[in-house]
Amino acid sequence: MPENQEKLLSTFTPYEMKKDEEYMNEAQREHFTQILNNWKQQLMEEVDRTVHHMQNEAENYADPSDRATQEEEFSLELRTRDRERKLIKKIEKTLELIEKDDYGYCDACGIEIGIRRLEARPTATLCIDCKTLAELKEKTTGL
């Protein structure tokens with residue numbers, strides 16, 4: 001699990017369902033909106049830190065080894081930020097699903113994904129059974 005997601009999961013209170021509570025009601029949608037917005041904010045702060053770090057730490061080292069080390073460090077940071085940029089887009093798409101009351105249901109079979117699974121992976125679009133099946137299919141076909 002990515003470090004940012006681990007940090008996110010440690011900063012929210014799990015949703016307590018009430019008896020006979022309707023799935024993906026207003027309170028649940030608000031719960032996930034808050035989780036997703038907090039996660040997005042953390043990712044955006046990381047982007048800002050990277051930009052500042054790269055601006056402040058960029059030096060033209062005379063030693064080729066030092067220069068190569070710095071370039072590799074910056075390259076790794078940029079790849080990480082690129083993954084996070086894609087994750088931010090996925091979070092934004094998920095927030096749109098919440099607004100449209102289309103959040104929390106499996107794209108493949110239509111059943112409820114489940115509160116705990118969504119808390120573990122707020123951008124999940126497949127229930128655990130369909131995700132497992134997709135992973136098995138990917139493993140056996142290589143696609």
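**Entry 1: a residue in a loop**

Is Asp101 buried, partly exposed or exposed? I looked this up before anything else, keeping in mind that I am working with a predicted model. Asp101 has a relative accessible area of 47%, so I wrote it down as partly exposed. I found Asp101 in the loop between helix H3 (64-99) and H4.

**Entry 2: another positive phi**

I then turned to Met24, where phi is near 55 degrees, again positive in a residue other than glycine. Met24 sits in the loop between helix H1 (3-9) and helix H2 (26-57). Is Met24 buried or exposed? I noted a relative accessible area of 5% for Met24, and because buried means under 20%, Met24 counts as buried.

**Entry 3: the whole chain**

Next I stepped back to see the overall plan. I counted five helices and zero strands in the chain, and along the sequence the pattern reads α-α-α-α-α. The chain has 143 residues, and 31% of them count as buried. For the accessible surface I wrote down about 9,800 Å², with 51% of it belonging to carbon and sulfur atoms. I also checked contacts between residues at least 6 apart in sequence, and 56% of these join residues at least 24 apart.

**Entry 4: Leu87 and its partners**

Which residues does Leu87 touch, leaving aside its neighbours within four places in sequence? I found Trp39 and Leu43 in contact with Leu87, which itself belongs to helix H3. I also looked at Leu87 and Thr123, which are 36 residues apart along the chain, and their C-alpha atoms are separated by 9.0 Å.

**Entry 5: the annotated stretch**

I checked the UniProt record, an unreviewed entry, and it lists residues 102-135 as "domain: Zinc finger DksA/TraR C4-type". Over residues 102-135 I read 41% helix and 0% strand, with the end C-alpha atoms 24 Å apart.

I picked out Glu119, which is in helix H4 (residues 115-120). Its relative accessibility is 4%, so Glu119 counts as buried. What does the side chain of Glu119 make a polar contact with? I traced this contact to the side chain of His31, at 2.8 Å.

**Entry 6: the cysteines**

How many disulfides does the structure hold? I found zero. Cys109 is in no disulfide, and its nearest cysteine sulfur, that of Cys106, is 3.7 Å away. Cys130 is in no disulfide either, with the sulfur of Cys127 as its nearest cysteine sulfur at 3.6 Å. I reminded myself that two cysteine sulfur atoms must be within 2.5 Å to count as a disulfide.

Cys109 has a relative accessible area of 41% and is partly exposed, whereas Cys130, at 17% relative accessibility, counts as buried.

**Entry 7: helix H5**

I ended my tour at helix H5 (residues 128-141), which has 14 residues. From its first C-alpha to its last, H5 reaches 20 Å, close to the 20 Å expected at 1.5 Å a residue. Just after H5 I came to Gly142, which takes a positive phi of about 75 degrees.

Key:
Residues are numbered from 1 along each chain as its sequence is written. This is a predicted model: local features need pLDDT of at least 70, side-chain atom pairs count only at pLDDT 80 or more; totals for chains, interfaces and linings use all residues. Side-chain values use heavy atoms; hydrogens and water are left out. UniProt positions are given in the numbering used here, feature names are shortened, and annotations may be inferred rather than shown by experiment. Helices (H or I, at least four residues) and strands (E, at least two) are DSSP runs, numbered from the N terminus. Buried means under 20% relative accessible area, exposed over 50%, partly exposed in between (1.4 Å probe, protein chains only). A polar contact is a pair of N or O atoms within 3.5 Å; within protein, one must be able to donate a hydrogen and the other to accept it, and residues adjacent in sequence count only if both atoms are side-chain atoms. Contact means heavy atoms within 4.5 Å. Accessible areas come from the Shrake-Rupley method with a 1.4 Å probe; for residues, only the protein chains shown count as cover. The expected span of a helix is 1.5 Å times one less than its number of residues.
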